[in-house]
Amino acid sequence: MTERRDFLKKSALFSIGSLAANLVSAEKLQAIEALGKEELFTEDFTLAPLPYAYDALEPFIDKQTMELHHDKHHQGYVTNLNKALQTTKHPAVTSLEDIFKNMTAFDTAVRNNGGGHYNHTLFWSLMKENKEAKPNNPDGKVADAINASFGSLDEFKKQFADAGAKRFGSGWAWLVVENKKLKITSTPNQDNTLMSISEVKGTPILALDVWEHAYYLKYQNKRADYITAWWNVVNWTKVNELLAKAE
Ligand code: MN3
């Protein structure tokens with residue numbers, strides 16, 4: 001335990017040293033030190049590469065959108081999340097899920113950028129290439145669960161697309177599991193249904209980014225067209241995996 005504390009202290013000092021060199025003024029550094037070193041320490045979150053090529057989702061989602069979305073937008077959330085965790089006081093952090101459970105204990109920048117990091121990581125994993133000209137429909141448990149909860153696949157897709165289309169401004173549409181029940185909902189900004197501040201809670205098993213940056217280059221203002229195209233690249237195998245884990 002002592003070793004761990006020493007390690008934490010050293011790492012914190014190192015991290016403050018780096019901050020002093022790169023990011024913050026002497027005044028800010030003093031304020032940070034006053035917060036207590038251990039609370040400042042966190043291991044940096046990192047951005048994983050996309051699990052497929054940038055052009056894998058063509059023609060439904062274009063290469064340039066994927067490049068900007070992953071390399072600029074998602075990277076921005078990761079960078080700003082690390083910065084926020086290094087410069088604000090907060091409880092010890094071991095995972096994004098821990099942060100979300102106790103959201104009000106963290107700075108707004110942690111909420112926005114932590115949500116951004118989690119939501120995008122999930123979003124990339126929930127898509128896959130589709131070069132076949134045939135409907136991309138779910139099978140297995142998730143197909144049964146969708147029929148049981150919404151009556152039919154068409155009705156589910158209609159309700160989910162509505163949740164995305166009607167989300168005013170920027171946000172996300174979700175299919176979540178709560179108490180073994182499937183639920184469709186949406187959240188503003190980079191919020192998600194794991195956050196303690198979320199009105200609707202549950203474990204996300206399908207996520208759709210409806211921020212303009214997700215579709216504007218190819219679909220301009222036509223969010224509904226983007227959603228219609230997006231169904232072609234949903235990775236239902238991954239949705240089934242997440243459903244099995246959530247139950
Ligand atoms: Mn996005």
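Entry 1, Thr187. I listed what Thr187 touches, leaving aside neighbours within four places in sequence: Arg167, Ser170, Gly171, Trp172, Trp174, Asn192, Thr193 and Ser198. I note here that the model is a predicted one. Thr187 belongs to strand β2, which covers residues 181-188. Is Thr187 buried or exposed? Its relative accessibility is 4%, and the cut-off for buried is under 20%, so Thr187 counts as buried. I then looked up its polar partners. The side chain of Thr187 makes a polar contact of 2.8 Å with the side chain of Trp174. A polar atom of the Thr187 side chain also lies 2.7 Å from the backbone oxygen of Asp191.

I moved to another residue of strand β2, Thr185. Thr185 has a relative accessible area of 11% and is therefore buried. Beyond its neighbours within four places in sequence, I found Thr185 in contact with Ala163, Trp172, Ala173, Trp174, Thr193 and Val200. I also looked up the distance from Thr185 to Lys201. The two are 16 residues apart in sequence, and their C-alpha atoms are 9.1 Å apart in space.

I looked up which residues of α10 (residues 223-230) are buried, and got Arg223, Tyr226, Ile227, Ala229 and Trp230. Why do they lie on the same side of α10? They do because they cover an arc of only 165° around the axis. An α-helix has 3.6 residues a turn, so residues three or four places apart point the same way. I then asked what the buried residues of α10 pack against. The partners are α6 (108-125), α8 (153-165), β3 (203-209) and α9 (216-219).

I searched the whole structure for aromatic pairs and found twelve. For the pair Phe123 and Trp124, the ring centres are 5.6 Å apart and the planes stand at 45°, so the pair is tilted. Phe123 and Trp124 are both buried. I also noted a cluster in which ring pairs link Phe150, Phe156, Phe160, Trp230 and Trp231. Trp230 is already in my list of buried residues of α10.

How many helices and strands does the protein chain have? I count eleven helices and three strands. From the N terminus on, their order is α-α-α-α-α-α-α-α-β-β-β-α-α-α. The chain has 247 residues, and 46% of them are buried. Of the contacts between residues at least 6 apart in sequence, 67% join residues at least 24 apart.

The mean pLDDT of the protein chain is 87, and 83% of the residues reach 70 or more.

Definitions and conventions:
Residues are numbered from 1 along each chain as its sequence is written. This is a predicted model: local features need pLDDT of at least 70, side-chain atom pairs count only at pLDDT 80 or more; totals for chains, interfaces and linings use all residues. Side-chain values use heavy atoms; hydrogens and water are left out. Buried means under 20% relative accessible area, exposed over 50%, partly exposed in between (1.4 Å probe, protein chains only). Helices (H or I, at least four residues) and strands (E, at least two) are DSSP runs, numbered from the N terminus. The arc is that of the directions from the helix axis to the C-beta atoms. Contact means heavy atoms within 4.5 Å. Rings of Phe, Tyr and Trp (its six-membered ring) pair if their centres lie within 6.5 Å; planes under 30 degrees apart count as stacked, over 60 as edge-to-face and the rest as tilted. A polar contact is a pair of N or O atoms within 3.5 Å; within protein, one must be able to donate a hydrogen and the other to accept it, and residues adjacent in sequence count only if both atoms are side-chain atoms. pLDDT is the predictor's confidence in each residue, from 0 to 100.
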